[in-house]
Amino acid sequence: VQKINLTNHTVFLQILVHTPAHASLGSVLTYRCDTRLPPGTLVRVPLGKRETLGLVWQEANGSELPTEDKIRAVSGVLEGIAPLNAQWLQLIQFCAQYYQRSIGEVALNALPLKLKGITPAQMQRRLRKVSPDKTSPNKPDTSEPTLTPEQSIALAQITQHTGPFLLFGSTGSGKTEVYLQAVHNLLTNKPHAQALIMVPEINLTPQLEYRFLARFAPLFGSQAVVSMHSGLTPVQRLKSWLVAHQGEARIVLGTRMAIFASLPQLQLIVVDEEHDPSYKGSDGARYSARDLALFRAKIEGAKVILGSATPSLESWHSSRPTSEGGRIVRLAMPSRVGQGVLPQVRRIDMRHQPRQAVIAPPLLQAITERIQRGEQCMIFLNRRGYAPVLHCADCGWKSACPHCSAFRVFHKIDRSLRCHHCGFADTVPRACPDCGNIDITPIGRGTEQLEEHLAALLSQVQRPDGSAVRIARIDADSTRHKGSLEQQLAAVHAGEVDILVGTQMIAKGHDFRRITLVAAINPDNALFSSDFRAPERLFSLLLQAAGRAGRDASLGENSEMWIQSYQPDHPLYAALKAYDYPTFAAQQLQERTQAGMPPFSAQALVRAEARSQESAQAFLQAARDAALHEMPHWEGWAPVLEQISLYSAVPMTVQRIANIERAQMLLESPSRPALQQFLAGWQSVLHACRKLDACKGLIRWAIDVDPQSI
Ligand code: ADP
Ligand code: ZN
Ligand code: ZN
């Protein structure tokens with residue numbers, strides 16, 4: 001850190017710092033410095049009693065300065081790091097404004113944590129370590145396949161137009177190959193260009209990382225591909241960040257957070273599985289990395305490709321013809337590469353199956369036959385644990401969590417009752433805690449029980465070599481230890497597993513070649529969910545799961561996806577059977593237009609957490625009343641308010657978690673700009689309501705713009 005002495009040439013700078021949320025202090029503070037520092041410069045500044053990382057925003061306007069002796073001096077500049085560029089600062093500003101967060105919070109959270117505590121000596125060492133890798137690249141990977149006609153057309157469109165693009169391609173249609181070749185073209189034609197590849201969850205898509213490395217490390221050096229995700233250590237993350245910031249990394253592969261990577265030569269962004277809910281943050285700024293990707297591409301003059309077999313309805317709607325107002329170019333790749341055919345979808349009517357049958361007899365028969373032929377099956381159920389509730393039939397006791405408005409889940413493996421919301425766990429009681437009945441019974445079933453049940457049902461079945469069936473389970477419980485997911489996946493790939501049981505974790509991305517049967521045990525719940533996005537999620541999950549089967553053409557063309565349902569004729573399943581996403585999307589969009597829901601309206605949620613449900617709701621209600629009755633006296637407020645629907649405060653679906661009561665209020669508007677204007681004005685009112693007597697127990701509140709679950 002360079003020491004700065006005061007001179008007559010003192011300048012005043014607005015510097016972004018990360019102040020505690022809702023601190024009375026803003027997050028843009030004024031400091032003095034005796035050198036001009038360009039916007040984007042990383043500095044160290046005093047804040048209270050400590051020193052913290054700051055980012056120069058702009059020079060301060062002299063007329064609004066507090067008295068000079070109150071202004072503290074910048075402690076030093078982080079040397080050897082170029083300032084963040086103007087586009088990056090613009091991205092931060094947009095994110096803060098759009099998601100109603102302080103700009104300091106957004107900016108500092110977008111930087112690697114490790115930058116904060118680093119000493120100049122350490123920095124120099126790190127920088128030396130990331131200096132360009134001099135080893136001569138291995139022989140270029142010559143295995144780049146010839147594109148199919150559909151892939152060629154898509155790639156040609158991407159080359160010729162500016163986009164943005166929606167690559168709407170079936171699972172196995174070769175979307176990844178299109179990304180790879182688009183990146184390849186860019187990097188060879190423009191010697192400094194950089195590409196950002198975003199994936200939903202990096203540890204679930206190691207194959208993608210591997211494919212990018214295998215293709216590009218030989219061509220551009222091993223330093224050319226770096227990743228950014230929460231699985232990295234702070235030091236690894238800093239290293240990736242620096243390599244990208246210095247322009248040495250040509251490709252950054254990462255999850256949601258990678259949207260904020262500093263990429264001075266960014267020219268292409270790929271958002272793979274763009275519909276995936278994990279692109280939307282669930283705390284802090286709650287930004288959508290996909291939406292930010294579209295904005296970032298625009299300000300950088302970069303191309304952006306959103307890819308999915310089941311696009312989000314927002315993206316799908318935006319990719320309607322330009323003549324109807326579409327703003328995204330839709331590129332379709334309906335066919336699977338090679339001989340692979342999509343599995344046949346079979347719906348089983350559970351109303352006509354023996355009562356209590358977990359696995360309908362015809363499905364069990366089909367599974368048995370596959371195993372006997374040496375093929376693999378994948379069975380999924382979206383609920384982990386053994387049973388969601390334990391119950392006493394005598395007195396009605398249920399395994400409620402004492403701290404949450406939810407039941408604790410029975411895990412048989414360690415005989416525990418665990419709350420999936422707050423983590424509270426203890427051992428299963430020997431008898432009913434209320435009446436002493438020793439016969440307490442599980443209600444419903446989860447993956448653990450399904451695994452046990454299948455083992456019992458298939459105990460007499462033999463594999464082709466006469467050995468017994470091998471069943472494995474993959475869910476959040478079985479993969480808690482680092483590396484265990486990779487290990488289990490490797491076992492499936494190696495053919496050491498015949499039946500894979502799991503939650504939605506196993507539906508995503510994995511390329512299991514010998515799976516020829518996929519079954520969804522109980523997918524109906526989502527059809528009746530109060531969340532209007534539930535059907536969209538279900539459709540995409542089932543289609544993705546189906547995509548796991550039939551990848552290996554040599555196993556014949558008879559792969560199957562089974563759906564057990566009490567509503568087999570539901571239009572969602574009919575569209576799934578036909579692999580007809582456009583029809584499904586049209587039905588959903590029709591319903592959404594009629595109900596005035598996104599993408600035909602913009603939404604925001606305010607969530608409040610408090611010691612009591614009353615104070616959580618009182619806070620929201622007070623803010624609502626102020627918006628409706630006091631704020632209309634403000635100049636220009638009435639026309640904004642006119643375009644906003646403010647619903648009443650309601651308890652959240654899980655109303656209490658870890659003894660904290662939760663309530664929410666929905667805001668809706670046909671106009672996104674109006675909603676933005678409203679929220680910006682309303683912020684100060686929300687801050688003020690916090691101080692009201694009725695809101696005493698309030699702990700925190702936050703705005704969620706474009707909420708993904710309601
Ligand atoms: P998607 O990302 O759409 O699910 P992938 O890009 O993973 O599809 O492609 C599916 C499989 O087909 C992969 O194993 C990939 O290597 C292979 N593949 C893709 N494009 C081609 C091609 N043009 N020729 C031969 N194989 C291809
Ligand atoms: Zn009892
Ligand atoms: Zn709990």
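Modeller: This is a predicted model, and I would begin with a contact between two side chains, those of D475 and R473, which are joined by a polar contact of 3.0 Å.

Biologist: Which backbone nitrogen does the side chain of D475 reach?

Modeller: D475 sits in the loop between strand 20 (471-474) and helix 13 (484-493). Besides the polar contact with the side chain of R473, the side chain of D475 comes to 2.9 Å from a backbone nitrogen, and that nitrogen belongs to D477.

Biologist: Is D475 buried or exposed?

Modeller: A residue counts as buried when its relative accessible area is under 20%. The relative accessible area of D475 is 0%, and therefore D475 is buried.

Biologist: Which residues are the protein donors of the zinc ion (ligand 2), and what is the geometry of the site?

Modeller: The zinc ion (ligand 2) has its protein donors 2.3 to 2.4 Å away, and they are the SG atoms of C392, C395, C432 and C435. Along the sequence these donor residues follow the spacing C-x2-C-x36-C-x2-C. Four donors count as tetrahedral if all angles lie between 85 and 135 degrees; the angles among the 4 donor atoms here are 103 to 113°, and the site is tetrahedral.

Biologist: What is the relative accessible area of C395, and how does C392 count?

Modeller: Buried means under 20% and exposed means over 50%, with partly exposed in between. C392, at 0% relative accessibility, therefore counts as buried. C395 is partly exposed, and its relative accessible area is 38%.

Biologist: How are the donor residues of the zinc ion (ligand 3) spaced in sequence?

Modeller: The zinc ion (ligand 3) is coordinated at 2.3 Å by the SG atoms of C401, C404, C419 and C422. The site is tetrahedral, with angles of 106 to 112° among its 4 donor atoms. In sequence, the spacing of the donor residues is C-x2-C-x14-C-x2-C.

Biologist: How many residues apart are C401 and C422, and where does each lie?

Modeller: C401 lies in the loop between strand 15 (389-392) and strand 16 (409-411), whereas C422 lies in the loop between strand 17 (416-418) and strand 18 (425-427). The pair thus links distant parts of the chain, and the separation is 21 residues.

Biologist: Which residues come nearest to ligand 1, and which helix gives the largest share of its shell?

Modeller: There are 16 residues around ligand 1, and T146, Q151, G172, K175 and T176 come nearest. The largest share of the shell, 3 residues, comes from helix 6.

Biologist: What share of the area that ligand 1 exposes when taken alone does the protein bury?

Modeller: A backbone N or O atom of T146 lies 2.8 Å from a nitrogen atom of ligand 1, and one of K175 lies 2.8 Å from an oxygen atom of ligand 1. For E177, a backbone N or O atom is 3.4 Å from an oxygen atom of ligand 1. Taken alone, ligand 1 exposes 560 Å², and the share of this that the protein buries is 73%.

Biologist: How many residues of helix 6 are buried, and what span separates its end C-alpha atoms?

Modeller: Helix 6 is mostly covered, with 12 of its 15 residues buried, among them K175, T176 and E177. At 1.5 Å a residue, helix 6 (residues 175-189) should span 21 Å, which agrees with the distance between its end C-alpha atoms, 21 Å.

Terms used: Residues are numbered from 1 along each chain as its sequence is written. Chains are lettered from A and ligands numbered from 1 in the order in which they are written. This is a predicted model: local features need pLDDT of at least 70, side-chain atom pairs count only at pLDDT 80 or more; totals for chains, interfaces and linings use all residues. Side-chain values use heavy atoms; hydrogens and water are left out. Donors are N, O and S atoms within 2.8 Å of the metal (3.2 Å for Na, K and Ca); water is not among the atoms, so sites may look incomplete. Four donors count as tetrahedral if all angles lie between 85 and 135 degrees; four count as square planar and six as octahedral if opposite donors are over 155 degrees apart and all others between 65 and 115; anything else is irregular. Buried means under 20% relative accessible area, exposed over 50%, partly exposed in between (1.4 Å probe, protein chains only). Helices (H or I, at least four residues) and strands (E, at least two) are DSSP runs, numbered from the N terminus. The expected span of a helix is 1.5 Å times one less than its number of residues. A residue is near a molecule or strand if one of its heavy atoms lies within 4 Å of it. A polar contact is a pair of N or O atoms within 3.5 Å; within protein, one must be able to donate a hydrogen and the other to accept it, and residues adjacent in sequence count only if both atoms are side-chain atoms. Accessible areas come from the Shrake-Rupley method with a 1.4 Å probe; for residues, only the protein chains shown count as cover.
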